[in-house]
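Subject: Handover of a structure

Dear colleague,

Please find the structure below, followed by an account of what was found in it.

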Amino acid sequence: MNARDFGIVCGILPTGEKNAITDVPGVRVGHHTIRDGDINTGVTAVLPHAGNLYRKKVLAASDVINGFGKSTGLVQIDELGTLETPILLTNTFGVGTCANALIREAIAANPDIGRQTATVNPVVCECNDGPLNDIQAMAVTEEHARLALANAHEGAVEQGNVGAGTGMTCFGFKGGIGTSSRRLELDGQTFHLGTLVLSNFGRAGDLVLPDGRRPSPNAAKEAEKGSVIIILATDVPLEHRQLRRVTRRCGAGLARLGAFWGHGSGDIAIGFTTATTIDHDEKSDLISMRALNENRIDKLFRAATEATQEAVLNSMCAAEAMTGRAGNFRPSLADWLR
C-alpha cells in the first residue's frame, strides 16, 4: 500500500502515472531480496538508462546531508558531475562486494577499462540494517548484486520489505524502499522528477504526517542512528550545479517528516538527469548542452521536496511488520493507520 491509500497526500504537485522514479523515461529499478532466518537484507539497483552507462554517462550530483555513511563513488560524482555505473543500494557491510560487482559488469561490457581507457567509478550506498539483519554474516554476494541489476525494469516499483530495504527501520516503524514522482510542465512539454529512498532513519516518536498526526510505535526513544539514501532522477535538462541544488532539496522532504539529521545518521542524496548524456569517446573539443532557466528552478525544488517526503511514507506504508534478528520487532505504519 501507499500513503495515498490512507488519504495521506504530500504537497500540491501532480504525480506521474506510476508515482515512481520509473516515471522518468528510461529509468529502471530492480531488487534482490535475501530472507533466511536472521538474514534479512538485499540489494536494490537503479539504472538511468538501458544502454552502456560507461560509454553514455548521465549528468549527476550528490548532496551529503549528514556524512555518517560508508558509500563509494560520491567523490568522483562531485568532481566530474557524471554517473557511469548503475547505483546499487545495500547494507553497510555489502558496499565493497556490490562495488566489485559493478566493476566486473562494467569491464565485461567495456574490456578497455583500466587498460586502454580510464578506470570505472562504481556507486554504492548503504544503510545499517543490523537490528533486523545479522549484518556480521556479510550475506550479500556479487551474484546478489547481479540479480538485482538483471531484475531492473521500467514498470511499477516494488516497495517496502524488498531488496536493500528488507531489514530497514524508519521512525521506529518498519522502513525500506519507497518511491514517488512529480509531473512538471516546462515550455509546454511534460517532464518528470522522481525519487527512490532507502529509509532507515528517524527517532521513534518524531514522525509527523502531513495532517499533523504523530504516529509513535511502542519503542524506546533512542538516539537517531540510522540512515537514508535518496536517489533523485529527472528528465529536465540541468547542468551539474543546478542538479546539485535540486538534489539538496531532498533534505527538505526529510525535515517535513520530523527528521533532524542526527549525529549517527548517514543521510545522502544522489541526483541525475537523463536529458543529457556525455559520450565517453567524445571527439569534439566543444559540446553543447541545454539547461533550465534558473528562474524556473523553484518548481524542481518543490518537486524534490514533495517526492522525497512521499517516498519515505510510501516505504513505511508498503512495509509489513517484521520480527528479525534476535527477536527484534518493527511494527508497520500501515497497521497504525488502519
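Rings of Phe, Tyr and Trp (its six-membered ring) pair if their centres lie within 6.5 Å; planes under 30 degrees apart count as stacked, over 60 as edge-to-face and the rest as tilted. By this rule the structure has one aromatic pair. The ring centres of F171 and F201 are 5.1 Å apart and the planes stand at 65 degrees, so the pair is edge-to-face.

This is a predicted model, in which local features need pLDDT of at least 70 and side-chain atom pairs count only at pLDDT 80 or more, while totals for chains, interfaces and linings use all residues. Residues are numbered from 1 along each chain as its sequence is written, and side-chain values use heavy atoms, with hydrogens and water left out.

Helices (H or I, at least four residues) and strands (E, at least two) are DSSP runs, numbered from the N terminus. Buried means under 20% relative accessible area, exposed over 50%, and partly exposed in between (1.4 Å probe, protein chains only). F171 is buried, at a relative accessible area of 0%, and F201 is buried too, at 2%.

A nonpolar core is a set of buried Ala, Val, Leu, Ile, Met, Phe, Trp, Tyr and Cys residues joined through side-chain atoms within 4.5 Å. The largest has 45 residues, and F201 is among those with the most contacts inside it, together with L193, V246 and L313. Elements that each supply at least two residues of this core include β9 (176-186), β10 (189-200), α4 (240-248) and α6 (298-318). The helix that gives the most is α6, with ten residues. A second, separate core of 30 residues includes V58, L83, V162 and L196.

Two strands pair if DSSP finds at least two bridges between them. In β9, nine of the eleven residues are buried.

Elsewhere, four strands make an open sheet in the order β1-β2-β5-β6, with mixed pairing. At its edges stand β1 and β6 (123-127), each with a single partner strand, so one side of each has no neighbour in the sheet. Nine bridges join the antiparallel strands β1 and β2, and T41 in β2 is the bridge partner of I34.

Contact means heavy atoms within 4.5 Å. What covers the buried residues of α3 includes β1 (28-36), β2 (39-47), β5 (87-91) and α2 (95-109). Which residues of α3 (142-150) are buried? They are E142, H144, A145, A148 and L149. Seen down the axis of α3, these fall within an arc of 160 degrees, so they line one face of the helix; the arc is that of the directions from the helix axis to the C-beta atoms.

Finally, T247 lies in helix α4 and is buried, at 0% relative accessibility. Leaving aside residues up to four places away in sequence, T247 touches A61, D63, L232, A269, I270 and G271.

A colleague
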